[in-house]
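Student: I would like to work through this structure with you, one feature at a time. May we begin with its backbone and then turn to its sheets, helices and pockets?

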Amino acid sequence: MTRWERSLLRLLIVFVQLVGILILVQCAFNTERVYEVNNWDEKDETVDDVIKDVIKLDTVKRVDDWPYGIKFAVWNVVDIPKSFDEGWLQTIEKLIEPGCNIVDIGANTGDTPLVLAVAAKGGTVVAFEMGTAIDMLRVNKRLNAHLKIDIHHYAVSNTTGTVHYENNKKNIFGDSSGTEEITSNTSSQYEVSSVRLYPFLLEYYGKEFVDNICMVKIDTEGHDAVILSDMDPKFRPRVLWVEWYLLYQFYDWDNAILEDDDWCTQGSASLFDIPHSLGYQVFSPSMPLRRVPGCQTKHFVSDLLLLKNEFVKTIGDKLDNEPEIHLEGERIGPPKF
């Protein structure tokens, strides 16, 4: 190779390097511009703009005003009224630290994650919903951009894979024994991916985020015990809030025969035995703080508040003499016929 050929080769290499640098700069510039435009769009979208857009949806009956600047879109296939549960908020605020993260499994159309997001005071609510309410949940997140809510369309269980979602059974109270809001206008059968809670959170959010989770709320129509039993030993939030499934009070659900007042059904027993094995104590979901005596039918309450043993020791008797607070629609004692 001659000296002239070597010089030409060097010039060619320099030219290729310069072209590469220009391409990288252009890509970075385009990416920055897209990011800026997206942010500008979000900032320009006012609440009124969102409401005008949302109210046009066939699935939305109306948009209600709730406390704390919340807008709540009402699903047009729902007969069960929903409202902001101030009693639930006040109870949670006495148990968690501002800025912590919260997990909501069974977030439905958004009434519970919105309350939890207010309680978190800047923390993030991780909302799981496997059912057909997922679309309304997304609508309500959009209406409340000032609250930090992440939505995941997954079923939470003790295994990963695919589960079949079906909801077409009506119970003796006239609502469904699943999500409670399925009608002929809504597809109630499909498949959805399932995840295990702790591995998913760790992979998606990272250890620092997971270590800042202070509460997990579970309302999965009888699957709560399965999720609890799969909790990793390294994952122990101070507060667990679970549903005491109404069907667990019945000896024969199909014929509406209640279990004896002094007996525990297998399902009810699991909601006490599993938390105890995980290091939690079982309380009534109200103030002042009171333990639930046992799983017998006569002690039924619609939700159970599970507090970590170490946390119970820390608070001592501080919450034993609080003013009385109850949840909206709270069921106490077995159903009456």
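Student: In which loop does Lys 121 lie, and what is its phi?
Tutor: In this predicted model, Lys 121 belongs to the loop between helix 4 (111–120) and strand 4. Most residues other than glycine have a negative phi. Lys 121 is not a glycine, yet its phi is positive, at about 50 degrees.

Student: Which residues does the cis peptide bond join?
Tutor: Most peptide bonds are trans. The bond in question has an omega of about 0 degrees and is cis. Its proline sits in the loop between strand 13 and strand 14 (303–308). The two residues joined are Met 287 and Pro 288.

Student: Which strands are the edge strands of the seven-stranded sheet?
Tutor: The sheet is open, with mixed pairing and the strand order 5-4-3-9-10-14-13. From one strand to the next, the twist averages 20 degrees. An edge strand here pairs on one side only, and this applies to strand 5 (149–152) and strand 13 (280–283).

Student: How does strand 4 run relative to strand 5, parallel or antiparallel?
Tutor: Strands of a sheet pair through backbone hydrogen bonds, in either of these two directions. Strand 4 (residues 125–128) is joined to strand 5 by four bridges. Within this pair, Val 126 stands opposite Asp 150 of strand 5. The two strands run parallel.

Student: Which strands of the three-stranded sheet stand at its edges, and why is one side of each left without a neighbour?
Tutor: This open sheet has the order 6-8-7 and mixed pairing. Ignoring direction, neighbouring strands are turned by 45 degrees against each other on average.

Student: At what angle does helix 6 run to strand 4, and at what angle to strand 8?
Tutor: Helix 6 (residues 197–205) lies across strand 3 (101–105), strand 4, strand 5 and strand 9 (213–218). Helix 6 also lies across strand 6 and strand 8. Its angle to strand 4 is about 130 degrees, and its angle to strand 8 is about 75 degrees.

Student: Is helix 2 roughly parallel or roughly antiparallel to helix 5?
Tutor: The axes of helix 2 and helix 5 are 9 Å apart, and the helices pack at an angle of about 155 degrees. Angles over 145 degrees count as roughly antiparallel. Therefore helix 2 is, relative to helix 5, roughly antiparallel.

Student: Which residues make the contact between helix 2 and helix 5?
Tutor: By class, this contact has five nonpolar residues, two charged ones and no polar ones. Helix 2 contributes Val 50, Ile 51, Asp 53 and Val 54, while helix 5 contributes Val 139, Arg 142 and Leu 143.

Student: Which of the residues lining the second largest pocket are the closest to its centre?
Tutor: The second largest pocket has a volume of about 230 Å³. Its 12 lining residues comprise four nonpolar, four polar and four charged. Helix 2 (47–54) and helix 5 (134–143) are the elements that each give two or more residues to this lining. The closest to the pocket centre are Glu 45, Arg 142, Asn 144, Ala 145 and His 146.

Methods:
Residues are numbered from 1 along each chain as its sequence is written. This is a predicted model: local features need pLDDT of at least 70, side-chain atom pairs count only at pLDDT 80 or more; totals for chains, interfaces and linings use all residues. Side-chain values use heavy atoms; hydrogens and water are left out. On a 1 Å grid over the protein atoms alone, a cavity is a set of points where a 1.4 Å probe fits but cannot get out, and a pocket is an open set with protein on both sides within 12 Å along at least five of seven lines; lining residues have an atom within 4 Å of a point. Grid points are joined across faces, edges and corners, and a volume is the space filled by probe spheres set on the points. Ala, Val, Leu, Ile, Met, Phe, Trp, Tyr, Cys and Pro count as nonpolar, Asp, Glu, Lys and Arg as charged, and the others, Gly among them, as polar. Axes are lines fitted to C-alpha atoms, for helices over the stretch in contact, and angles run from 0 to 180 degrees between N-to-C directions. Angles under 35 degrees count as roughly parallel, over 145 as roughly antiparallel, 65 to 115 as roughly perpendicular and the rest as oblique. Contact means heavy atoms within 4.5 Å. Two strands pair if DSSP finds at least two bridges between them.
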